[in-house]
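Welcome! Take a moment to look over the structure below, and then let us explore its pockets together.

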Amino acid sequence: MGRHFLQIPGPTNVPDRVLRAIAQPTIDHRGPAFAALATELLERLQAVFQTGSHVVVYPSSGTGAWEAALVNTLSPGDKVVAFETGHFSSLWCEMAARLGLVVDVVPGDWRHGADPDALAGRLTPDVAAVMVVHNETSTGVRSRIPEIRAAIDRAGHPALLLVDTISSLGSIDYRHDEWGVDVTVGCSQKGLMLPPGIGFNAVSAKALAHRGRLPRSYWDWEPIIAANRQGFFPYTPPTNLLYGLREALIMLAEEGLDAVFARHDRHAEATRRAVRGWGLEVLCADDREHSSALTAVLMPDGHDADAVRRLILERYDMSLGTGLGRLAGRVFRIGHLGHFNDLMLAGTLSGVEMGLSASGVPIKEGGTRAALAYLESAE
């Protein structure tokens, strides 16, 4: 009985307002009503990416938007510097290699974000782009994008800066224009509070001018941007998801982006206080790099994170994120992003605390109480 707690870091809980919007009748995607919808959406998306440039919309997952960022800007044999900060950054690196790019991977320990100081010796003349994941969904670690941009600028290097914001867009402060990003990758099912199915590229003027020779057809920016000028797409758009996207963007505007980011920051800090109150360790090892979208929790030696997750699902009907790649069985992830409030967090942390105790994990009492005390004091 009762509602399921979906506390993975995406897909996230879809608000009722968004579900009702998606349920509207489909309209002609070549007609004037659709043109008005698309024109409004593209303007509202610029505000979320904090850009005055084009935002390209695809019926796709975030993985498709990754590929679009690469094939529109790079050529076969181009060299890219890519930071390995977790499972998803590793997958993006693998994609780049499969597309015929030469990938210089900056290895990481998955507990820290991208190290700006590591760029100095890697920005050789043949580097065409730098790839960074802003918020690594597998680890709960955030990279400091302005410092990466500053390192590129100090070197006087023309490399493009490509940034994945799949789990930070609409949840953590991100500024495409101000931070000098050339292509920002995003998707629908996390901070934008939608089901999966829409991918995004926010594109700088520099990126538009830097057209690579990798094969592309479906992912090509040019026909999409040309059609968007009239409010249309060169393919069948996901009309009903776009209805939902408009409603989600209206909700973000009503709350105000600054308030949205502050809410996520507050819930993330409360979660970390709970974890430490239990005597457990947050995976992120640098206080400057904590994610405000999710928290990854390290298990004590001899305890399986997936066993804890299974018990919590079976006994309390709550889904937590699994450990991915080298973190399998070692961490579980608590998502606290999107359509989320204090009571939802209180219920989530109570379920985690009960599940840890029932699984025989040695924890201290009072972690949830520490989180609640912080929420009460930080209203």
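Helix H2 provides four residues to the lining of the second largest pocket, the largest share of any contributor. Please keep in mind that you are looking at a predicted model.

H2 spans 32–49, and it is joined by strand S2 (54–59) and helix H7 (221–228), each of these three elements giving at least two lining residues. The residues around this second largest pocket are Thr 39, Leu 42, Glu 43, Gln 46, Ser 53, His 54, Val 55, Ile 225, Asn 228 and Arg 229.

Now for the largest pocket. It is lined by 21 residues, and those closest to its centre are Phe 88, Thr 137, Ile 166, Gln 189 and Lys 190. At least two lining residues come from each of helix H3 (62–71) and helix H4 (87–98). H3 gives the most, with three residues.

| Pocket | Volume | Lining by class |
|---|---|---|
| Largest pocket | about 260 Å³ | 10 nonpolar, eight polar and three charged residues |
| Second largest pocket | about 190 Å³ | three nonpolar, five polar and two charged residues |

Key
Residues are numbered from 1 along each chain as its sequence is written. This is a predicted model: local features need pLDDT of at least 70, side-chain atom pairs count only at pLDDT 80 or more; totals for chains, interfaces and linings use all residues. Side-chain values use heavy atoms; hydrogens and water are left out. On a 1 Å grid over the protein atoms alone, a cavity is a set of points where a 1.4 Å probe fits but cannot get out, and a pocket is an open set with protein on both sides within 12 Å along at least five of seven lines; lining residues have an atom within 4 Å of a point. Grid points are joined across faces, edges and corners, and a volume is the space filled by probe spheres set on the points. Ala, Val, Leu, Ile, Met, Phe, Trp, Tyr, Cys and Pro count as nonpolar, Asp, Glu, Lys and Arg as charged, and the others, Gly among them, as polar.
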